[in-house]
Amino acid sequence: MDTTLNELLEAWQRTDDDHERTEWECRIRTHLAPPGAQPPDRAALEAAANAREAGDAAEAERILRAHFAPHAPREALPITRIVGGLPAPLLWARGQGGAVISEGTVCVLSGEDGIAKSALAISAALGVSAVFEPGDDMPGELFEGAGGPVLLSTFEDAMEVSAWRLSKLAEEWGNWRHPERRGRVMDGLARVHVLDLSGCPLFGPHERKGLYHARPGPLAGWSDLWKAADHIAPRLIVIDPALCAYVGESGADAPVREFLYALSAEARQRQTAVLLVAHVGAMCRAAPGRTPPSPSPFDHGRVGDPGAWLAATRGALDMTWHRDNEAGERWLSVTRAHYGPTKIAVALRPIRHRENAAILGFEAGGPWMSRAP
């Protein structure tokens with residue numbers, strides 16, 4: 001690492017006086033960029049300091065240069081000079097075409113507590129990893145898509161729990177439900193990587209300030225996530241759950257968008273996409289003593305504040321209980337898809353462990369339909 005840069009960062013980290021910190025920030029800026037550059041990002045400095053303390057001086061320098069060095073000016077281009085088109089599709093509803101998840105985008109999977117969103121996310125992860133050639137059927141018959149490695153980043157389930165569920169789901173799909181695909185499913189299992197980020201949020205207000213309404217930025221887990229992605233080169237990154245990854249104000253529009261846009265920017269650089277697992281917002285829960293409503297599975301209000309969590313995404317999936325079924329029947333709906341059909345739904349059939357009945361994953365209980373169940 002640049003010796004001077006290392007000394008400046010150490011001095012910034014050592015002082016708790018806000019005035020002195022500002023002076024050290026100015027010195028870092030002067031060292032890295034000419035006068036007139038954008039104001040420093042305190043969250044970036046904190047992330048660099050965390051990387052330095054962890055012994056990763058190269059990562060600390062990368063973070064500082066990315067945030068302090070001058071950026072290339074943006075240039076407006078005539079249409080005739082712009083090449084390309086829609087982002088490459090990565091995952092779509094089986095038989096429907098288009099895309100729910102595309103390269104460089106974030107898709108939110110929402111549902112209430114206890115509906116087994118994590119099991120559905122694991123089904124999608126193993127499905128993607130089991131596709132090796134274009135046209136390969138994806139186990140479960142819920143989705144189709146491009147295949148490749150998957151990075152599953154968890155904040156609640158232990159790595160051993162995720163590994164057990166994935167292994168048992170692979171056995172079910174490979175031995176009984178799709179015996180002709182056994183080799184492919186088991187090979188795909190080895191392409192799913194689990195990253196335990198418990199206690200290491202990705203994004204939120206500056207840790208030293210401790211204010212949830214402060215402007216968010218990268219936190220301790222941010223560099224861990226993208227370093228793992230650079231090593232694995234995943235086609236899909238699953239983050240479960242959203243409110244452990246993001247620890248700012250979850251209902252505030254601007255900071256949530258900043259988090260989602262930051263995710264999208266990092267994903268775009270790596271030609272991957274993010275599936276973000278989220279609990280439904282309090283707005284769809286009934287007041288005490290009143291019967292909960294039976295919301296449409298296509299209701300954007302189920303995903304917390306629609307302005308905060310939906311406007312910045314390009315895809316949204318929602319798990320719901322069937323409104324007339326007391327036996328636990330679940331449905332999956334596409335409530336948002338910028339590059340594919342929307343307001344379609346499919347019945348979900350749980351895949352349970354043969355001994356303890358734990359839900360391992362899900363498969364389609366029928367075809368996708370263009371009407372609410």
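A salt bridge is defined here as a side-chain nitrogen of Lys or Arg within 4 Å of a carboxyl oxygen of Asp or Glu. By this rule the predicted model contains 20 salt bridges. Local features require pLDDT of at least 70 and side-chain atom pairs pLDDT 80 or more, whereas totals for chains, interfaces and linings use all residues. Residues are numbered from 1 along each chain as its sequence is written, and side-chain values use heavy atoms, with hydrogens and water left out.

**View 1. Strand E10 and its parallel partners.** Helices (H or I, at least four residues) and strands (E, at least two) are DSSP runs numbered from the N terminus; two strands pair if DSSP finds at least two bridges between them. Strand E10 (residues 273-279) pairs with E3 (residues 106-111) in the parallel sense over six bridges, valine 106 being the bridge partner of valine 274. Strand E9 (residues 236-240) also runs parallel to E10, joined by four bridges, and isoleucine 239 stands opposite leucine 276. Six of the seven residues of E10 are buried (under 20% relative accessible area; exposed is over 50%, partly exposed in between; 1.4 Å probe, protein chains only).

**View 2. The salt bridge between glutamate 103 and arginine 235 (3.1 Å, N to O).** Glutamate 103 lies in the loop between E2 (101-102) and E3, and arginine 235 in that between helix H8 (220-232) and E9, so the pair ties together parts 132 residues apart in sequence.

**View 3. The salt bridge between lysine 168 and glutamate 171 in helix H6.** The closest N and O atoms are 3.9 Å apart. Both residues lie in H6 (residues 159-177), three residues apart, about one turn of the helix. Lysine 168 is partly exposed at 24% relative accessibility, as is glutamate 171 at 30%.
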